[in-house]
Amino acid sequence: MYRFSDKDYSAIWMQCAHQGAELNVSGDYLQCPAHGSEYDNRGQITNGPADRNLRTFPVTINKNELFIDLRKI
Ligand code: FES
């Protein structure tokens with residue numbers, strides 16, 4: 001998860017969209033150790049060989065509780 005503000009978060013599945021390797025976090029971006037694909041902190045691809053974005057999940061906030069909807073997987 002990344003937090004951009006009190007009401008803006010991103011929840012990202014940490015599995016590369018290329019061949020499924022687990023991603024490494026490097027500051028504001030995610031990098032795949034297998035073949036070098038990179039994604040930004042909203043799961044958008046910025047560098048291949050992957051050719052699609054990461055899976056992301058809706059995040060909602062109700063008072064002080066944060067909910068991640070995993071049903072979209
Ligand atoms: S599995 Fe991530 S770039 Fe190939």
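Author: Two residues are in contact if their C-beta atoms, placed from the backbone, lie within 7 Å. Apart from neighbours within four places in sequence, Trp 13 is in contact with Leu 54 and Arg 55. The model is a predicted one, in which local features need pLDDT of at least 70 and side-chain atom pairs count only at pLDDT 80 or more, while totals for chains, interfaces and linings use all residues. Residues are numbered from 1 along each chain as its sequence is written.

Trp 13 sits in the loop between E2 and strand E3 (24-26); strands (E, at least two residues) and helices (H or I, at least four) are DSSP runs, numbered from the N terminus. Trp 13 counts as partly exposed because it has 15 C-beta neighbours inside 10 Å. On this scale a residue is buried if 20 or more other C-beta atoms lie within 10 Å of its own, exposed if 12 or fewer, and partly exposed in between, with C-beta atoms placed from the backbone. From Trp 13 to Tyr 2 the separation is 11 residues in sequence and 12 Å in space, C-alpha to C-alpha.

Strand E2 (residues 8-12) is joined to E1 by 3 bridges, and the two run antiparallel. Within E2, Tyr 9 is the bridge partner of Arg 3. Two strands pair if DSSP finds at least two bridges between them, and 3 strands form an open antiparallel sheet in the order E1-E2-E7. Its edges are strand E1 (2-5) and strand E7 (56-57), each of which pairs on one side only.

Leu 54, one of the contacts of Trp 13, also belongs to the largest nonpolar core, whose 9 residues include Ile 12, Cys 16, Leu 23 and Ala 50. Such a core is a set of buried Ala, Val, Leu, Ile, Met, Phe, Trp, Tyr and Cys residues joined through C-beta atoms within 7 Å. For Cys 16, contacts beyond four places in sequence comprise Ala 21, Leu 23, Cys 32, Ala 34, Ser 37 and Ala 50.

Another loop, between strand E6 (45-47) and E7, holds Pro 49. The peptide bond from Gly 48 to Pro 49 is cis, with omega near 25°.

As for the whole, the protein has 0 helices and 9 strands. Of its 73 residues, 15% count as buried. The C-alpha trace spans about 40 × 25 × 15 Å along its principal axes.
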